Amino acid sequence: MAFELELISPIEVAKDFALAVQDYTLLSAQSLANFFRRPLYMGDMLYQADLIGVGSLPIVILTGLSVGALLALNAASTLQRFGGITLIGQLVSIGMVTELGPLITGLMVAGRNSSGMASELGSMIVTEQIDAMRALGTDPTKKLITPRVGATAFMLFFLTIIADLLGLIGGYAVAHLIFSLNSRQYWTSVWQILVFRDVFTGLIKPVLFGFIIATIGCYYGISTRGGTQGVGRSTTQAVVAASVLILVTDFFVTKLIFAIFGYR
Amino acid sequence: MPAPTLPSENPAVAAVNPSGYALEFDNVSIAFDEKVVLDGISFQLQHGETKALFGVAGSGKSTLLKLAIGLIRPDSGRIFALGEEVTRMSEQELFELRRRVGIVFQESALFDSLKVSENVGYRLLEEGISAEEIERRVREVLRFVELERTYDLRPSELSGGMRRRVAIARAIVTKPEVLLYDSPTGGLDPVTSNTIVELIMKQRDVYKTSALMVTHRLQDAFTMATHQFDKATNQMVVLPKGKQCDVPMSFLILRDAKVIFDGDAHQLATSRDDYIREYVS
């Protein structure tokens, strides 16, 4: 059997990319506009919030604790050399609240939920369930996408707070149990170092990441073509795209906040 | 077996404007990746008429059904459904129109996360009808397709034929003015196919709903042309020789993206076109 290698023109690739960006932008805008149009499908939103929020809780707890502990462990070895082990709380606090808490939670939820959304909607596409929904007079973006976007953005906000808190506890466990740091000293430094800008940064990011996770997952899901193989492809692409977009967005949001509030 | 009770008569049919067509395609063309699937298709479906649509696999039969309710848009031409120009309507306007049209998809397309009752009552729930009324109507329509016992089951627990009947129940629960069937007997054994054909005939003869039925089984369409549903015995009976069915029945054949035949059973049987004669034989 002979296989023909088909060369794809770079112009075609660029066109396809531009088209995908356009479709994604339209889908994202529509998912937001649907919040202001009836019906709102609150039941579906609550169901998704449970699925995304409560369902992701175990991995968020585990990663939050681990990242906080690892951050403390790595920072301590350097700080100890300069006699600054008491600063460990500050480092864990800033690191977790502004960066690692939102980022790790976002990436974990992206891995779990972007793929889930892409595979669920992709399966619905290949079995004509989305067409059936449209034929039954229901707008799939309202019924399927907007509840997922709302629920992910809302729940990621709270999941990040939980991850931050557990990261601080993980850091405390290392600081106290391994480096014998006083509890009061640790928690005081954790609290005192944080300013409004840090908390604002740490809480605005999960909302944006939640939006990215849901819209990317749904976009790849409803763009699925090519049967079950296509569903698998969409699932992988959704996780990769959501993770990359979260990292890129994180950089620009951090830069923007520095530009607005100034450097520390 | 006792005859199942029939749902109340359909008031929507009586309200239909007698002028114009239930469905009209005017010079419709569509291509996918430069492959022309439908090329200048024109035909009409009268109110109350049932039209069987034939063609080999990949001839654009399912595409034509999706075009009829705006699930996909043609490259050119105009499509009218229930007097409204589908090709000019926005997606929001189409949602309203689609509530008056029922469609049965090739693989049933039941929502696998919902129970049979929720699938059938889906549209009623969307319309904000009370839970009691939804249950009454869902049970009534499931009784019509003789599947009331599946009320609490999930689609994955049903056989292929049962899923097809649930899909028919979902399509007719709102008493639509037009029904579109996409290969309703495809992939089913002869006995189950017969049950589905009888069900479609029951819907046609009891409610006089206009229908466009895609099929590649000529015998199904001929059965529909030569039989009539008898309400008294709740089964289909053969029409006496020379007598035509009360409801008009016609045939449409697609070949190479074009309509090569549009006429009744007699015209089909007496056609001199070699391809059609071979198809019929």
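A: A residue is called buried if 20 or more other C-beta atoms lie within 10 Å of its own, and exposed if 12 or fewer do. The model is predicted, and by that criterion buried residues make up 42% of the 264 residues in chain A.

Q: What makes Ser108(B) count as buried?
A: Ser108(B) has 25 C-beta neighbours inside 10 Å, and the cut-off for a buried residue is 20 or more, so Ser108(B) counts as buried. The residue sits in the loop between β6 (101-104) and α4 (116-120) of chain B, and its phi is near 75°, a positive value in a residue other than glycine.

Q: Why is Asp33(B) called exposed?
A: Around Asp33(B) there are 5 other C-beta atoms within 10 Å, and a residue with 12 or fewer is exposed, so Asp33(B) is classed as exposed. Asp33(B) belongs to the loop between β1 and β2 of chain B, and its phi, near 50°, is positive although the residue is not glycine.

Q: Which peptide bond is cis, and what is its omega?
A: The bond that joins Arg38(A) and Pro39(A) is cis, with omega about -5°. Pro39(A) is placed in the loop between α1 and α2 (42-81) of chain A.

Q: What secondary structure does chain A have?
A: Chain A comes to eight helices and zero strands, and along the sequence the pattern reads α-α-α-α-α-α-α-α. Its C-alpha atoms fill a box of roughly 65 × 50 × 35 Å along the principal axes, and of the contacts in chain A with a separation of 6 or more, 88% are between residues 24 or more positions apart.

Q: Why is α1(A) described as roughly perpendicular to α5(A)?
A: Helix α1 (residues 10-33) of chain A and helix α5 (residues 140-177) of chain A pack at an angle of about 85°, with their axes 9 Å apart. Angles of 65 to 115 degrees count as roughly perpendicular, and α1(A) is therefore roughly perpendicular to α5(A).

Q: Which residues make that contact, and of what class are they?
A: From α1(A) come Leu27(A), Gln30(A) and Ser31(A), and from α5(A) come Thr141(A), Ile145(A), Thr146(A) and Val149(A). By class, the contact of α1(A) with α5(A) has three nonpolar, four polar and no charged residues.

Q: How do you know that β4(B) and β5(B) pair?
A: Two strands pair if at least two bridges are found between them, and two bridges join β4(B) to strand β5 (residues 84-85) of chain B, the strands running antiparallel. Ala81(B) stands opposite Glu84(B) in β5(B). The hairpin of these strands has two residues between them, and there Leu82(B) takes a positive phi near 50°.

Q: What joins β1(B) to β4(B) and to β2(B)?
A: Strand β1 (residues 23-32) of chain B is joined to strand β4 (residues 76-81) of chain B by five bridges, in the antiparallel sense, and Arg78(B) in β4(B) is the bridge partner of Asp26(B). β1(B) and β2(B) are also antiparallel, over seven bridges, with Val28(B) opposite Ile41(B) in β2(B).

Q: What makes β2 and β5 of chain B edge strands?
A: Four strands form an open sheet in the order β2-β1-β4-β5 (chain B), with antiparallel pairing. In this sheet β2 (35-45) and β5 of chain B each pair on one side only, and they are the edge strands.

Q: Which residues does Leu212(B) contact beyond its neighbours within four places in sequence?
A: Its contacts include Leu23(B), Leu45(B), Ala68(B) and Leu180(B).

Key: Residues numbered from 1 in each chain as written. Chains lettered and ligands numbered in written order. Predicted model: local features only at pLDDT ≥ 70, side-chain atom pairs only at ≥ 80, totals over all residues. Contact = placed C-beta atoms within 7 Å. Axes fitted to C-alpha atoms, helices over the stretch in contact; angles between N-to-C directions. Parallel < 35°, antiparallel > 145°, perpendicular 65-115°, else oblique. Nonpolar A, V, L, I, M, F, W, Y, C, P; charged D, E, K, R; others polar.
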